[in-house]
Each structure stands twice: as C-alpha cells, then as structure tokens.
Amino acid sequence: MFIQKLDPINGFLRHCFQTKNVRAIKKLHGHLLRTGLLFISPSFESKLIFTYTTCLHRNNSKTVTALLNCINPANPFPFNMILSDYCRNGFSYLALQTFSFMHTNGVPLDTYSFCCSSVASCSMKDVKFGAQIHSLVEKSGWLSSVFVGSALVNLYAKLSLINDAAKMFDEIPVKNTVCANALLSDYGEGNQWVEGLEFVRKMRALNLKCDHFTLSAMLRACTGLSTIELGRQVHGSVIRMVSDLEDDGFLQSSLIEMYGKCGLVGKAWQVFNLSGFGYNGERKRDGVLWSSMLAVYGRNGDFEKVIELFKEMLREGISLDGVAFVTVISACGHTGHVKLGIQYFESMVSDFGLEPGPEHYSCIVDLLCRAGELERAWKMVNEMTHKENGSYNVSMWGALLNACNEFGNVELGKLAARKALEMDPHNVGIYVLLSNVYAKFGMWNEIEQLRELMKETGSKKDVGCSWIEITS
C-alpha cells in the first residue's frame, strides 16, 4: 500500500529532474518530512537526494553533506544507490563526494561502493583519488574481491597507466577471466598488441580460460600487427571453442577485419559468405558484418566492389550506419562516381535519418577534390569551418591541400595549409603536404622557411617503418 502511494511521487521526482525545478523539490521535501513518508523506503529517500542535488549548481557540497547526514550510517544500501545513480547519470564528482562522506562517517564500504567510486574516478580522470581508493581497498581487505580488483585494473588502464594496471592484476589474489579481459581490453585500446598477446600466454599459465571476448581481443591484436599465421591459429581456436559462432557478430567481424588487414580479401569474403547461418537454416547478417566487409574492400583498393556490396545492402534492407557511408562515399571518390557519392551523402539524412559527421564531410571534400572541383570543395570546407568544431576540419583542409598539389593550385594550397595549421599547429602531415606543393614548383626558399617553422613549433615527422612476417 505504501509503495503504491510513492508511485506518483516518484513520477513527480522524474519530472523535477528533467525540468531542474529546485523550488518544487524543496516543497516536496518539506511535505515528505511533515508526513513521515520520506522514511518509508531507503530507495525512495535516495531518489529524493539524487534529484535534489543534481538540480543544484555544481558547488553544492554543503547541501549534499547535509542530506547525506539524514541517512542512517549503519545501512550502506541507500548510499550505494545514490553512488550508482550519480555514476550512471554522469555526476561523477558527486559520486566521489558521497564516497568520501561514507568513508569519513563510518558507513560500511563494500564491493559496490569501491566499484562505483573507481568508475567515478576514471570518469573524472582523477588519478590521485583512484590511488587513495586502491590504498583503502588494500587496508580494508577487499582486494580479494575479483570485482573490486577488475574495477581497479580498469581504472589504471583507462587513465593510460597500463603498467600500474598490470601490477594491479598481479596483486589480485583471486583472478578470473573477466578481470584478465579488462586488462587485455586496455592493451588493445593502447595499441599495445605485442603486450596483449604476451598477456594471453600468461593467462594460460594461470589456468584462465579464454572466452569470446579474449578471442576477439586476440584477433584485434593480430589485425594490429598484420600477423596472418597467428591470426589463422586464433581462427582455428575460435572454430574449436565457440559452438555458437553464428550468433556472435562481433567475433565474426573481427575475423573479417583480420583477414582484410592482412590482405587476404578472398578469405575475408569466405568468412563473410559463411556468416549468419543458424541451425534452422535461416540466414541473418547484421549491419556490422556488412560494414566490416565494405571496409576490407575499401582498405585493399577494390572500390568497385565497395559500391557493388553497398548496393546489395540497400536491396537486402540492411540497417546502415555512418561507417558504411564513409566507406562507400570514399570509394565513389576513388572511382570518379561524383554524382553517386553526393547522392549517397544526401540520402543519409533524407532516407536514413543519419546526421553526417566530420568524417563524411571529409569524404565529400576528398571526392570533389579528386574530380578537380577545387572551388566547390573550398566553399564546402569554408562553410563547415564555421559550423563545426575547428579540430574536426583539419582533415578536410588536408584533402583540399593534397588536391592542390595534384592540380597545381599553389595559392589555394597555401591558404588551405594556413587554415589547417591555425587549428592544429603541430600537424606534421600538413607540413609534409605543403612541402610537396612547394617542391613540385621548385619553391626551395619556401621549403626552407617551412622547415624552420617546424623547428619553432617542435613538430617532427615520424620515421617510416615496415615489417614482414617470416614463417618456417
């Protein structure tokens, strides 16, 4: 009966949260105190505090503390609910303040408290607070919890402290595959492919089983290193270990991308062609698989195949995303299908309800530049510069600069380079492109001035490298 009485109040709280109506919440708070309804349910009390504090300005520390003081400190449940609500709704600074209150006032801390506070520290990129949580975890004996250990591993890794994350993993007394996958994922995000593969070998030594996520991470590492032999071995492991491969689109797309990155387009097509078959004989391939195959054709320069496969996606009624449009518009640029590329670009909004991003505009600019329509490309980039964040437009100016090199338009090339360097003074690629323009027309004095400018800004071109895989 009491719970039913709270339903309209919960609805009112949701409305106050959406409208940020602090005055209405204060009136409701006073009414609940007078009637005693506030203390019926700890979860309801937590919802009121969450709504109250998130509708105030950021500097509301005193209000948060005053409201938390009204909760029984012997029961961690309402505190954990507030912590969870803050984390899930992006109020990480309030989550950390709540955790500090719990620690200071003797509220029992548990797995939930430590995991939520670790996530909040990660969101705030607060290394110092995260280290304090780590210290408290060790002192309180919660390091034996694999969930807390995984949260701390993830915290250090997300803050780009991979070595600390690895040490944290070694410290955990009880390890499992979930915790290992957290570290493996972070190796992948940091493009530390070799370290990731070495860690997989370490997992086997620790008797930790590989699951779908582990195999996907291994395939991603093989893709990053372009090591086909190891990729084939992982593929064999996938066939032996995964009985429901047809239901795992992510694992199948990882296989397609691995073969495509290694240049085995035919093998990638075989995986794609065999994907999506269920036990009942029905076939279902989601847009991720199609986009992966599109990317394989695009990466290996088979642009006509990209356009052909995209048309098949339209016929099959496949749900399209922004990645597919980037690939096909780029392919249209490489094959000279200017009208078709612009048609696909315009259909994003009109037919599929997708908002074009900076990468789509970059492809359109590149398409126009390849067709020699520099003035039209210049107009589009100039308009986008005033609409979007400047950092998004460097690639557009770069595409225009590269076209100026091909078509011999020095003045427009200099202007495009100047606009790009205003946004990103340390973009070495722009310096290289502009240097190529000057070299093409024998403007050696300008090249020398460009080198001096690079020295002043501290910009330095990375040394090129290549590698081959040797098999016995």
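Predicted model: local features only at pLDDT ≥ 70, side-chain atom pairs only at ≥ 80, totals over all residues.
Residues are numbered from 1 along each chain as its sequence is written, and side-chain values use heavy atoms, leaving out hydrogens and water.

**Salt bridges**

- The count comes to nine salt bridges (a side-chain nitrogen of Lys or Arg within 4 Å of a carboxyl oxygen of Asp or Glu).
- One of them pairs Asp186 with Lys158 at 3.2 Å, N to O.
- Asp186 sits in helix α11 (residues 177-189) and Lys158 in helix α9 (residues 146-158), so this pair ties together parts 28 residues apart in sequence (helices are DSSP runs of H or I, at least four residues, numbered from the N terminus).
- Asp186 is buried at 2% relative accessibility, whereas Lys158 is partly exposed at 33% (buried is under 20% relative accessible area, exposed over 50%, partly exposed in between, with a 1.4 Å probe and protein chains only).
- Lys202 bridges to Asp170, with the closest N and O atoms 2.6 Å apart.
- That pair links helix α12 (residues 193-205) to helix α10 (residues 162-171), with Lys202 and Asp170 32 residues apart.

**Around His235**

- His235 belongs to helix α14 (residues 228-241) and is buried, with a relative accessible area of 12%.
- Leaving aside neighbours within four places in sequence, His235 is in contact with Leu255, Tyr259 and Val271 (heavy atoms within 4.5 Å).

Key:
Helix = DSSP H or I, 4+ residues; strand = E, 2+ residues; numbered from the N terminus.
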